[in-house]
Amino acid sequence: TSARITQVALSSGSSVSWDSKAAANAFLLLGHNVTMDQPSNPVEGAVISVEIAQPDATASGPHTVAWNTVFEFAASTAPTMTATSSKTDIFTFRYNGSVWQEIGRVQNLAQT
């Protein structure tokens, strides 16, 4: 069987709040440049995922994403978002009790 976790839309503001319990599987359509805040309600061992989408060519963009320091990436280097119109990036993290460690990344996917 597969895990079926409802996808929850996050609101695109200058800073993005993310409740790791209520929105373990999140979606964010970028409306402008954003900073991902520290997720609330962390539990050691929890896994969360976010799909971040660039708007289509008729909207402003491309937009950037900055990450709170509680997100840990390989070589401590945050990723550069795909800047192509109508493309999406997906990031997955596991909470180790202190930081959200990136455990997966897929970028430059078509929004279909």
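Two rings of Phe, Tyr or Trp form an aromatic pair if their centres lie within 6.5 Å, and planes over 60 degrees apart make the pair edge-to-face. The exercises below apply this to a predicted model.

**Exercise 1. Determine how many aromatic pairs the structure holds, and classify the pair of W18 and F93.**

Solution. 
- Step 1. The structure holds nine aromatic pairs.
- Step 2. In the pair of W18 and F93, the distance is 6.5 Å centre to centre, with 75° between the planes.
- Step 3. An angle over 60 degrees counts as edge-to-face, and the pair of W18 and F93 is accordingly edge-to-face.
- Step 4. W18 belongs to the loop between β2 and β3 (25-29), whereas F93 belongs to strand β8; the pair therefore ties together parts that are 75 residues apart in sequence.
- Step 5. The relative accessible area of W18 is 1% and that of F93 is 0%. Because buried means under 20%, W18 is buried, and F93 is buried as well.

**Exercise 2. Classify the ring pair of W67 and F73, and state whether each residue is buried or exposed.**

Solution. 
- Step 1. The ring centres of W67 and F73 are 5.3 Å apart and their planes stand at 70°, so this pair is edge-to-face.
- Step 2. W67 has a relative accessible area of 12% and is buried.
- Step 3. F73, at 5% relative accessibility, is also buried.
- Step 4. Ring pairs link W18, W67, F71, F73, F91 and F93 into a cluster.

**Exercise 3. Describe the open sheet that contains β6, and identify which strands stand at its edges.**

Solution. 
- Step 1. The sheet has three strands in the order β2-β4-β6, and the pairing is parallel.
- Step 2. β2 (15-16) and β6 (65-67) each have a single partner strand; they stand at the edges, so one side of each is left without a neighbour in the sheet.
- Step 3. Three bridges join strand β4 (residues 34-36) to β6 in the parallel sense.
- Step 4. W67 in β6 is the bridge partner of M36.

Definitions and conventions. Residues numbered from 1 in each chain as written. Predicted model: local features only at pLDDT ≥ 70, side-chain atom pairs only at ≥ 80, totals over all residues. Heavy atoms only, no water. Pairing = 2+ DSSP bridges. Helix = DSSP H or I, 4+ residues; strand = E, 2+ residues; numbered from the N terminus. Phe/Tyr/Trp six-rings, centres within 6.5 Å; stacked < 30°, edge-to-face > 60°. Buried < 20%, exposed > 50% of the residue type's maximum accessible area, 1.4 Å probe, protein only.
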